[in-house]
Protein chains: 2
Amino acid sequence: MKNNVKIARIQADLTQQQLAEKIGVTRQTISLIEKGKYNPTLKLCLDICYAVNKTLDELFWVERDHHEEN
Amino acid sequence: MKNNVKIARIQADLTQQQLAEKIGVTRQTISLIEKGKYNPTLKLCLDICYAVNKTLDELFWVERDHHEEN
DNA sequence: AATAAATGTAACATATACATTACATAATGC
DNA sequence: GCATTATGTAATGTATATGTTACATTTATT
């Protein structure tokens, strides 16, 4: 679950805490998503996009990798 | 949770059943997502994208609506 | 270096995505 | 009309996303 949330958050000059509050989620959730340790729901992905002014593709799109494990 | 899955699925000439099998999910899950009745995980969104050859933005992006009722 | 701020992460609880089974209705072909 | 296929949806179970609390580690500031 690689993504660009951390980069976008830093560009938006937000801490995990601030981003979490903007979205209404806990800091831990942001941390785990940035670390790729879990699989957020679409609604949460969209909320993150809105908070850092990016689209889904910019933050979460990954080409299919034929050798993907998982 | 409006999305364009149904349109893309039909364009790809797949039934809900066929799409579900391609992805490894049940037909019910596809049906509920198309009806906007729930909030799929990112992984499932990506699997749907791959199956119908669209990107996240094409299938799931929605501009923030200030009057969203969720 | 010491202190504070930011981040990682673990244990446990709760909500909900998704599976399973089942049945009903809608659409399509004979 | 009847049979078949596609779709909607309800009940119940399971897995996992997310919350809560708490503490450890890393990074920034002085």
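Asn53(B) sits in the loop between α4 and α5 of chain B, and its phi is near 60°, a positive value in a residue other than glycine. Helices are DSSP runs of H or I with at least four residues and strands are runs of E with at least two, both numbered from the N terminus.

What you see is a predicted model, in which local features need pLDDT of at least 70 and side-chain atom pairs count only at pLDDT 80 or more, while totals for chains, interfaces and linings use all residues. Residues are numbered from 1 along each chain as its sequence is written, and chains are lettered from A and ligands numbered from 1 in the order in which they are written.

Stay in chain B and select Asp13(B), in the loop between α1 (5-11) and α2. Its phi is also positive, near 60°, and Asp13(B) counts as exposed, with 8 C-beta neighbours inside 10 Å.

**Across to chain A**

Select residues 5-59 of chain A, which UniProt lists, in an unreviewed entry, as "domain: HTH cro/C1-type"; the positions follow the numbering used here, the feature name is shortened, and such annotations may be inferred rather than shown by experiment. The span is 69% helix and 0% strand, and its end C-alpha atoms lie 6 Å apart.

Next, pick α4(A), where Leu42(A), Cys45(A), Leu46(A), Ile48(A), Cys49(A), Ala51(A) and Val52(A) are buried. These buried residues pack against α1 (5-11), α2 and α5 of chain A, together with α4 and α5 of chain B. After α4(A) comes Asn53(A), whose phi is positive, near 60°.

Continue to Lys54(A), in the loop between α4 and α5 of chain A, which counts as partly exposed with 19 C-beta neighbours inside 10 Å. Leaving aside neighbours within four places in sequence, Lys54(A) is in contact with Ala8(A), Cys49(A) and Leu59(A), where contact means that the C-beta atoms of two residues, placed from the backbone, lie within 7 Å.

Lys22(A), in helix α2 of chain A, is another partly exposed residue, with 15 other C-beta atoms within 10 Å. Display Ala51(A) beside Lys22(A): the two are 29 residues apart in sequence, yet 6.8 Å apart in space, C-alpha to C-alpha.

**Where the chains meet**

Show both chains and look at the interface, where 15 residues of chain A are in contact with 16 residues of chain B. On the chain A side, α4 (42-52) and α5 (56-60) each give two or more residues, and the largest share, five residues, comes from α4(A). By class, this side has nine nonpolar, three polar and three charged residues; Ala, Val, Leu, Ile, Met, Phe, Trp, Tyr, Cys and Pro count as nonpolar, Asp, Glu, Lys and Arg as charged, and the others, Gly among them, as polar.

Now select Cys45(A) and Cys45(B), which touch the most other members of the largest nonpolar core, a set of 28 residues. Such a core consists of buried Ala, Val, Leu, Ile, Met, Phe, Trp, Tyr and Cys residues joined through C-beta atoms within 7 Å. Beyond its neighbours within four places in sequence, Cys45(A) is in contact with Pro40(A), Leu56(A), Phe60(A) and Leu42(B).

A rotation of 180° with 0.0 Å of shift along its axis superposes chain A on chain B, with an RMSD of 0.0 Å, and the two copies are thus related as by a two-fold rotation axis. The superposition is by least squares on the C-alpha atoms of residues with pLDDT of at least 70 in both copies. To find the axis, select Thr41(A), the residue of chain A whose C-alpha comes closest to it, at 2.0 Å.

**The DNA strands**

Finish with DNA strand D, around which there are 18 residues, with Thr29(A), Tyr38(A), Pro40(A), Thr15(B) and Gln16(B) coming nearest; a residue is near a strand if its C-beta atom, placed from the backbone, lies within 6 Å of it. α3(B) gives the most to this surface, with four residues.

DNA strand C is likewise surrounded by 18 residues, and the closest are Thr15(A), Gln16(A), Thr29(B), Pro40(B) and Thr41(B). For the surface near DNA strand C, α3(A) gives the most, with four residues.

Note on methods. Buried ≥ 20, exposed ≤ 12 C-beta atoms within 10 Å, placed from the backbone.
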